[in-house]
Amino acid sequence: MRDVIRILIAPLVWLAAFSAVYGLHGLICGHGITGTALGLPLPRLLLLAAYALAILLQLALLAALYHPRVSATEGFTRFVSRATGWAGLVAAVWTLLPVAVTSYCG
Amino acid sequence: MNALQRHRRLTTIWASDPGLRGWFTTVNHTDLGRMFLMASFFFFIVAGILAMLIRAQLATPHSAFAGPEIYNQIFTMHGVIMMFLFAIPTFEGLVVYLLPKILGTRDLAFPRLTAYGFWCYIFGGTMMLVSMLLGIAPDGGWFMYPPLTGPLYSPGINTDFWLIGITFVEISAIAAAVEITVSILKYRAPGMSLDKMPIFAWYALVTALMILTGFPPLILGSVLLEVERAFGFPFFQADLGGDSLLWQHLFWLFGHPEVYIIFLPAAGVISTVLPVMCRTTLLGYGWIVAAAVALAFLSFGLWVHHMFTTGIPHMGLAFFSAASTLVAVPTGVQIFAWIGTMWRGRPELRMPMLHLLGFFVTFVIGGLTGVMVAVVPFDWQAHDTAFITAHLHYVLFGGFVFPVLAGLYYWMPHVTGRKRFFRLGEFAFGMIFVGFHVTFLAMHWVGLLGQRRRIPTYAPEDGWTAVNLISSVGSFVMAIGIAMVLIDVILNVVTAVRGTRNPWGAGTLEWAMIQPAPAYNFASLPHVTERDPLYGTPDMALRLARGEGYLGEPRRDWRETVTVDIASGRPDFHVIYPANTRLPIVMSAVTGLFFLSLLLKAYWITPFAMAGVAVLAWRWVWSLGRKEDIGPQAIGQDITVPHAAQVARAPGWWGSVFLLTANATFFGSLLFGFAFLWTVAPGWPPTEWLPASLWELGLGLLGAALAPAAMHGASRALRRGGRPRLGLALAFGGTGMLAVSVGAMMLHTPPPVEHAYNATLFVLGGYAMFHVTLGALMIGFLAARVRRGYASAARQSEFPIVTLWIDYLAAVGALALLAGHLPGLLA
C-alpha cells in the first residue's frame with residue numbers, strides 16, 4: 001500500500017491545496033475581508049501566502065520522493081511516484097497562479 | 001488428475017446453477033459480466049432511440065413531432081440513460097468480466113457483492129424505464145438544476161424518479177468500485193508486481209478510486225434535494241438560507257470527474273488493444289500510468305468550469321480555467337504514447353483498429369473544443385448552446401463508444417469462442433464514423449449560430465433549418481451503423497465457426513484459457529514474470545490446464561484462490577469464495593423496496609425495508625464464518641499461506657477501507673455544503689443557533705473516545721487468546737453515549753423547515769445516528785460470533801473490520817457534534 005500512496009500523494013496534496021485556496025478565496029469574498037499588511041491588500045497577501053505554502057508542500061514532497069529513505073525501492077514505482085510528484089508541483093504552480101495576477105473578488 | 005478431469009471437477013465446483021435458476025443465483029463474474037454488458041447495451045439502444053426522437057423533433061422548424069413536456073422527458077432520459085445506465089455499467093460489465101482473467105485469478109474479491117450491484121442496477125434502471133413508459137420520466141435535464149427541479153417548479157413525481165432511481169443505481173457503481181479496487185490490489189496472479197500489472201488494470205484501478213470519491217457528492221446532492229422536495233428542508237431555497245448553486249457544486253464535483261470515469265476505462269481498452277493491433281508492446285507504460293493518475297486528480301479540480309456563467313468572481317474562474325487547460329497535458333501524454341506505439345509497430349487494419357482510428361480523430365477534436373470552452377470568454381459565448389452538446393458528444397462518443405466498439409470486436413472471440421464470419425462490421429464502422437461527424441460537426445455549427453441546447457423547436461427565420469436537417473440525417477446514418485453492429489454481433493454469436501485460442505496473438509493472461517471462458521477461468525493459477533506473460537511463455541495455457549500452476553488440485557468443493565502482497569505480488573493469503581446464492585437478488589429487491597417506499601411516499605414501509613436489509617446483511621456476513629481454525633494452506637509450488645479469516649487485514653478489511661473512503665467523501669461533501677451555505681448563501685447567520693450544551697457535547701465526545709478504545713481493547717484481547725466480551729460491552733456503551741448525545745442534538749435543533757442551517761444540522765445528526773446504529777449492530781454481531789464460537793485467537797479477521805468502522809463512527813460522530821454545538825457555544 002505504501003507504493004500506491006507514494007504514487008498518489010503529490011496529486012492528492014495538490015487537490016487538497018487547490019480546494020483549500022479556493023475555499024480561502026470564498027471566505028475572503030464571502031465575508032468581505034479587507035485591510036492592508038506589508039504594503040499589500042490583506043486578501044492578496046493571504047492568498048499569496050497560501051499559494052507559496054502549496055508550492056512549498058509540493059517541493060517538500062518531491063524532495064522526499066527523491067530521498068533514498070522515502071523513495072520506492074522498485075524502479076517502476078520510483079519513476080511513477082516521481083512523475084506524479086512533478087505533476088503535483090506543476091499543477092500547484094499553474095492552477096493557483098491566478099492569486100498573483102487577477103482581481104480577487106470582482 | 002488429467003486436464004479433462006480437472007476441467008470437469010472445477011466446472012462442477014465453480015459453475016452457476018443450471019437453467020433459469022442460475023440467472024438469479026449466480027455469483028460468477030463471467031456470467032455477471034455478460035449480464036451487465038447485455039443490460040448496458042440494451043440501455044444504449046433505448047437511449048439511442050431517444051436520440052433519434054430528439055433529432056426527428058429538431059429536423060424541421062416548428063416541429064409538431066413532440067410537445068415540449070414530452071420533449072423535455074426525451075432529452076432528459078437520453079442523457080440520464082447514456083450516462084448512468086450505459087456508460088458506467090458498461091465499464092462495470094467489462095471489468096467484472098475481464099479483470100480476474102487479465103489479472104490471472106479466478107474471480108473478483110467479493111462475488112456476492114458483484115451480483116448485488118448488478119441487481120441494484122437492473123432494478124434501478126427498470127424504475128427509470130417504467131417512469132418513461134408511464135409518461136412521468138424526469139424532465140429537468142440530466143443535471144437536474146434546482147430551483148427548476150425544486151418542489152415549487154417541479155411538483156410532480158418526475159424529478160423524484162431521477163433522485164431516487166439514480167441513487168439506487170449508484171449503489172451498483174460504488175459496490176463495483178470497492179470490488180475492483182480490492183481485486184486489483186490483492187487478487188492477482190502470484191508474481192504480478194505493480195510494474196507487471198496489465199495497463200488495463202491500472203486504468204480500472206484509477207477509475208474505481210475516482211468512482212469512490214466522485215459519486216458521493218452526487219449521492220449527497222440527491223439526498224438533500226429529495227429531502228427538500230419531500231419534507232421541505234430548504235437546502236436550495238435562497239429565501240430560507242439555502243442556495244441553488246450548492247446543487248451545481250455538488251453535481252459537478254461528481255459530473256466532471258464522471259467524464260474521466262467514462263474515458264479512462266476506454267483508454268484502458270485502447271492501451272490494451274492498440275499494441276496487439278500494431279504487433280508491438282505499449283510505448284511509455286510508466287508515463288501512461290503517471291498520466292492516468294495525474295488526469296484523475298486534475299479532473300477533480302475542474303468542476304467549476306461548468307459554472308463559468310454563474311457570477312463567480314474572476315479569480316475563482318481563473319483557477320478552474322487554468323486547471324482545465326492543464327488537463328490537456330496528461331491526456332496528450334497518453335495520445336502521444338499511443339501514436340508512438342503505432343509508429344514503433346506494424347499496424348494492421350483489422351476490425352478493432354478501425355474503431356481505434358475513429359477514436360483518435362473524434363477524441364482529439366473533442367479535446368480541442370474542450371480547450372476552447374476552458375477559456376472563460378469563449379465559454380461565456382458558447383455556454384448553453386448546441387456547441388457544448390456537440391463538444392460533449394465528441395468527447396464521450398469519441399472517448400468511450402469507439403473504444404468500446406473496438407473492445408467489443410477484440411474480446412468477442414473470447415466471449416463466444418467463435419471466429420468472425422460475416423463482414424458487416426467494417427461497413428457499420430463507416431456508417432457510424434460518417435454519420436457521427438455529420439451529426440455533430442453540424443451541431444457545433446448551429447451552436448455557433450446561436451441555437452441553445454434543449455430547445456424543443458425553432459423558427460425558419462432563425463436560419464438553422466438546413467444545418468439541423470443535415471445533423472438529423474447524419475444521426476440516422478449513425479443509427480443504422482449501430483444497428484448493423486448489433487446484427488453483426490448476433491450473426492457471429494449464432495452462426496460463426498469455432499475460432500482458435502488467442503486469435504489476435506495477444507500477450508495478456510485472458511487468452512491463456514479455454515474460449516469461451518470456463519467458470520473457473522484458470523485450471524491452475526499462473527506465476528507471472530513479465531508484463532505480457534504469453535509472449536514469454538506461449539504454451540502457458542496448456543501448462544495451466546495441466547495443473548502446473550498454483551491451486552491445481554481442487555479440494556473439498558472449495559472455490560479457492562490466493563491473494564498477493566500489493567507491491568511485490570508475493571502470495572499472502574488463501575481465500576475460499578462463497579457459493580451460488582439468492583441472497584444478492586433478494587437483498588437488492590429489499591433495497592429497492594426501501595427506495596420505492598421513498599418514491600411513493602409510503603414512509604410506513606421504509607423502516608421495514610431498512611430492517612429487512614439489516615437482517616439480510618447480518619445473514620450475508622454470518623454465512624462466512626467457521627467454528628474451527630483452518631491451518632495454513634498449501635497452494636502449490638511448495639508454498640503455504642494462511643487462510644484469509646486468520647489474518648488482520650482480510651479482504652473484508654480492505655473492502656471496508658475503500659467503502660469508508662467513499663463514505664468519508666460523502667461526509668466531507670456534507671461539511672463542504674455546510675461551509676458553503678454559511679459563507680455564500682443569503683440569509684446567514686440564522687436567527688437562532690442550536691442551544692449549545694456542554695453536557696451533551698461532553699457525553700458524545702466521551703462516547704466517541706470510549707467506543708474505539710474499547711474495540712481496540714477487545715481486538716487485542718482476542719488476539720492474545722483472552723475474552724473480548726468486556727471490550728465489546730464497553731464499545732457498545734460508547735456507541736450508546738454517542739446515540740444519546742446525537743439524538744439530543746437532533747431533538748433540540750430548531751425546526752429544519754425554517755432555515756438551511758437547521759436542516760443541515762438535522763442531516764448531520766441523522767448521518768451520525770445512522771452510523772451509531774450501524775456500529776451497534778456490528779458490535780452486537782461480534783458478540784454473537786464470540787458466543788457461538790466463531791471467533792478465536794486465530795479466527796480474528798472480523799474484529800479489525802469492526803474496529804475500523806467504530807473508529808470512523810467515532811470520528812464522524814465527534815465532528816457532527818462539534819459542528820452542531822460549537823457555533824452556539826462561541827456565540
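Biologist: At what angle do helix H6 (residues 158-186) and helix H7 (residues 199-231) of chain B pack, and how far apart are their axes?

Modeller: Bearing in mind that this is a predicted model, the two helices of chain B pack at an angle of about 155°, and their axes are 8 Å apart.

Biologist: What makes H6(B) and H7(B) antiparallel or parallel to each other?

Modeller: Angles over 145 degrees count as roughly antiparallel, and the angle here is about 155°, so H6(B) and H7(B) are called roughly antiparallel. The crossing of the pair is left-handed, and the residues of the contact comprise 18 nonpolar, 4 polar and 4 charged.

Biologist: Why is H4(B) called oblique to H7(B)?

Modeller: Helix H4 (residues 68-103) of chain B packs against H7(B) at an angle of about 135°, with the axes 11 Å apart. Roughly antiparallel requires an angle over 145 degrees, and roughly perpendicular runs from 65 to 115, so H4(B) is left as oblique to H7(B). The crossing of H4(B) and H7(B) is left-handed; H4(B) contributes B:Phe91, B:Val95, B:Leu99, B:Ile102 and B:Leu103 to the contact, while H7(B) contributes B:Phe200, B:Ala201, B:Ala204 and B:Thr207. By class, this contact has 8 nonpolar residues, 1 polar and no charged.

Biologist: How do you know whether B:Phe84 is buried or exposed?

Modeller: The cut-off for a buried residue is 20 or more other C-beta atoms within 10 Å, and B:Phe84 has 25, so B:Phe84 is buried. B:Phe84 lies in helix H4 of chain B and, leaving aside residues up to four places away in sequence, touches B:Ile166 and B:Val169. B:Phe84 and B:Glu258 are 174 residues apart in sequence, yet their C-alpha atoms are 9.8 Å apart in space.

Biologist: Why is B:Leu357 called partly exposed?

Modeller: A residue is exposed at 12 or fewer neighbours and buried at 20 or more; B:Leu357, with 17 C-beta neighbours inside 10 Å, therefore counts as partly exposed. This leucine is in helix H12 (residues 351-374) of chain B, and its C-alpha is 9.9 Å from that of B:Phe433, a residue 76 places away in sequence.

Biologist: What makes the phi values of B:Arg279 and B:Arg454 worth a remark?

Modeller: Phi of B:Arg279 is near 55°, a positive value in a residue other than glycine, and B:Arg454 likewise is not a glycine but has a positive phi of about 70°. B:Arg279 lies in the loop between helix H8 (244-277) and H9 of chain B, whereas B:Arg454 is in the loop between helix H15 (424-448) and H16 of chain B. B:Arg279 has 13 other C-beta atoms within 10 Å and is therefore partly exposed; B:Arg454, with 14 such neighbours, counts as partly exposed as well.

Biologist: How do you know that H14(B) is mostly covered, and where does helix H14 of chain B bend?

Modeller: Of the 31 residues of H14(B), 28 are buried, and the helix is described as mostly covered on that count. Helix H14 (residues 386-416) of chain B bends by about 40° at B:Tyr410, with a proline, B:Pro413, following within four residues. After H14(B) comes B:Gly417, whose phi is positive, near 75°.

Methods: Residues are numbered from 1 along each chain as its sequence is written. Chains are lettered from A and ligands numbered from 1 in the order in which they are written. This is a predicted model: local features need pLDDT of at least 70, side-chain atom pairs count only at pLDDT 80 or more; totals for chains, interfaces and linings use all residues. Axes are lines fitted to C-alpha atoms, for helices over the stretch in contact, and angles run from 0 to 180 degrees between N-to-C directions. Angles under 35 degrees count as roughly parallel, over 145 as roughly antiparallel, 65 to 115 as roughly perpendicular and the rest as oblique. A crossing is left-handed if the near helix is turned anticlockwise from the far one by less than a right angle, and right-handed if clockwise. Ala, Val, Leu, Ile, Met, Phe, Trp, Tyr, Cys and Pro count as nonpolar, Asp, Glu, Lys and Arg as charged, and the others, Gly among them, as polar. The bend at a residue is the angle between axes fitted to the seven residues ending there and the seven starting there. Two residues are in contact if their C-beta atoms, placed from the backbone, lie within 7 Å.
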